[in-house]
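This briefing is meant to be read with the sequence and the coordinates at hand.

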Amino acid sequence: MSERSAYEHVIKRAMTKLLVPFIQLFAFYVIAHGDIGPGGGFQGGVILGAGFILYVITFGMNEGRKRISRITSDLLSAAGVLVYATVGFVCMAAGGHYLEYAALPFSSPQLAGHLAIFVIELGVGITVAGVMITLYFLIGRELK
Amino acid sequence: MIDFALLFFLVVCAVAAIQMRDLLSSIMLLGIYSFIMAVVWTRLNAVDVAFTEASVGAGITTILLIAALSRTRRMETKQCVPPANLLIYGTVILLTSAVLLYGTLDMPTYGDPGAPAHSHVAPRYLEKSYEEVGVPNVVTAVLASYRGYDTLGETTVIFGAGICVILLLRRKI
């Protein structure tokens, strides 16, 4: 019986390639629909991270790092918090308090709140996904 | 009826997860525990919490724990606890559960409209959040707007946790 690498199983690779795009699309759906139904940045970010981790489990850490490099995942983790905090400062620049969405210059305070919440949910999602991917790369170990 | 069945399975999963010597089985039982917990949250009409429990508790926690397990051994080493210690542990557990049970006596009954949680700021959120925030989901309105600072803090905590793990464990990958 020949020794094969754990990353060479055809069924695993084919199923992962099939599933990952849908998992990630669902993650973005959860992030974008957090203001209408259940879900939000946190859950969506976790699903986004988990989808990429599935890819890394199937294809190996080196292949995964080709898709999202060390710098990219670090930057993603920081970028989400930055997006969130920037929305707060933009509100201040528009004449309101920190994170007072109603001060943003849109046609109605409801629209301003809706759009601002979408942006901050996206920020939360990016940070959570980045941190989860980083955690898996750091904690997990390469299979034989 | 279904509530009792769910709670029964919760307890069974929790006890089994502790008793297992195979740590991989323990982790999987914890995943099942989280999924049952998600069903319990759904039964309580808390769909946002149920979603979080299912994705975080059952999903990513299981993945990260299995990843951590890949760096250690799968089987727990057997250790003998002296009977005298068992007595101490038992007393502490009984005392703690007695205090917790005593604490639940003061809680309002489930669904009581006069409960403090329903009479302080909740009416304002339920009646005014769409006008003030412009978002149909009240949970999101509270998390992202009324309690926006909290959510910013939580995101920063997650970022900080990631930075700590990077500082502690960063190797080549």
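**Salt bridges, interface and fold**

B:Arg124 has a relative accessible area of 44%, and therefore counts as partly exposed. The model in which this residue sits is a predicted one. B:Arg124 forms a salt bridge with B:Glu132, and the closest N and O atoms of the two are 2.8 Å apart.

**Salt bridges**

- Over all chains, the count by this rule comes to 5 salt bridges.
- The partner of B:Arg124 in its salt bridge is B:Glu132, and B:Glu132 is also classed as partly exposed, because its relative accessibility is 32%.
- In chain B, B:Asp3 and B:Arg43 form a salt bridge in which the closest N and O atoms are 3.0 Å apart.
- B:Asp3 belongs to helix α1 (residues 2-19) of chain B and B:Arg43 to helix α2 of chain B, so this pair ties together parts that lie 40 residues apart in sequence.
- B:Asp3 is partly exposed at a relative accessible area of 34%, and B:Arg43 is likewise partly exposed at 42%.
- As a general point, side chains of opposite charge can pair when their charged atoms come close.

**The interface of chain A and chain B**

- The contact draws on 47 residues from chain A and 39 residues from chain B, and the area buried between the two chains is about 3,900 Å², with carbon and sulfur atoms giving 71% of that area.
- How many salt bridges does the rule find across the interface of chain A and chain B? It finds 1, and in a salt bridge between these chains the side chains of A:Asp74 and B:Arg170 meet at 2.5 Å, N to O.
- That pair crosses from A:Asp74 in helix α4 of chain A to B:Arg170 in the segment after α8 (148-169) of chain B.
- A:Asp74 counts as partly exposed at 26% relative accessibility, and B:Arg170 counts as partly exposed at 24%.
- On the side of chain A that touches chain B, at least two residues each come from α1 (10-32), α2 (41-59), α3 (61-67), α4 (70-93) and α5 (109-139) of chain A.
- α5(A) gives the most to this side, with 18 residues, and the residues of the side divide into 29 nonpolar, 12 polar and 6 charged.

**The build of chain B**

- Chain B holds 8 helices and 0 strands.
- The radius of gyration of chain B is 21 Å, whereas a compact globule of 173 residues would have one near 16 Å.
- Along the principal axes, the C-alpha atoms of chain B fill a box of roughly 60 × 50 × 30 Å.
- Buried residues make up 28% of the 173 residues in chain B.

**Two residues of helix α2 in chain B**

- B:Ser26 lies in helix α2 (residues 23-43) of chain B and counts as buried, because its relative accessibility is 10%.
- A polar atom of the B:Ser26 side chain lies 2.8 Å from the backbone oxygen of B:Ala17, and, leaving aside neighbours within four places in sequence, B:Ser26 is in contact with B:Ala17 and B:Met20.
- B:Tyr33 is also placed in helix α2 of chain B, but B:Tyr33 counts as partly exposed at 29% relative accessibility.
- Leaving aside neighbours within four places in sequence, B:Tyr33 is in contact with B:Leu10, B:Cys13 and B:Ala14.
- B:Tyr33 and B:Ala14 are 19 residues apart in sequence, and their C-alpha atoms are 6.9 Å apart in space.

Methods
Residues numbered from 1 in each chain as written. Chains lettered and ligands numbered in written order. Predicted model: local features only at pLDDT ≥ 70, side-chain atom pairs only at ≥ 80, totals over all residues. Heavy atoms only, no water. Contact = heavy atoms within 4.5 Å. Buried area = accessible area lost by both parts, 1.4 Å probe. Salt bridge = Lys/Arg side-chain N within 4 Å of Asp/Glu carboxyl O. Helix = DSSP H or I, 4+ residues; strand = E, 2+ residues; numbered from the N terminus. Nonpolar A, V, L, I, M, F, W, Y, C, P; charged D, E, K, R; others polar. Rg over C-alpha atoms; globule rule 2.2 N^0.38 Å. Buried < 20%, exposed > 50% of the residue type's maximum accessible area, 1.4 Å probe, protein only. Polar contact = N/O pair within 3.5 Å; in protein donor to acceptor, adjacent residues only side chain to side chain.
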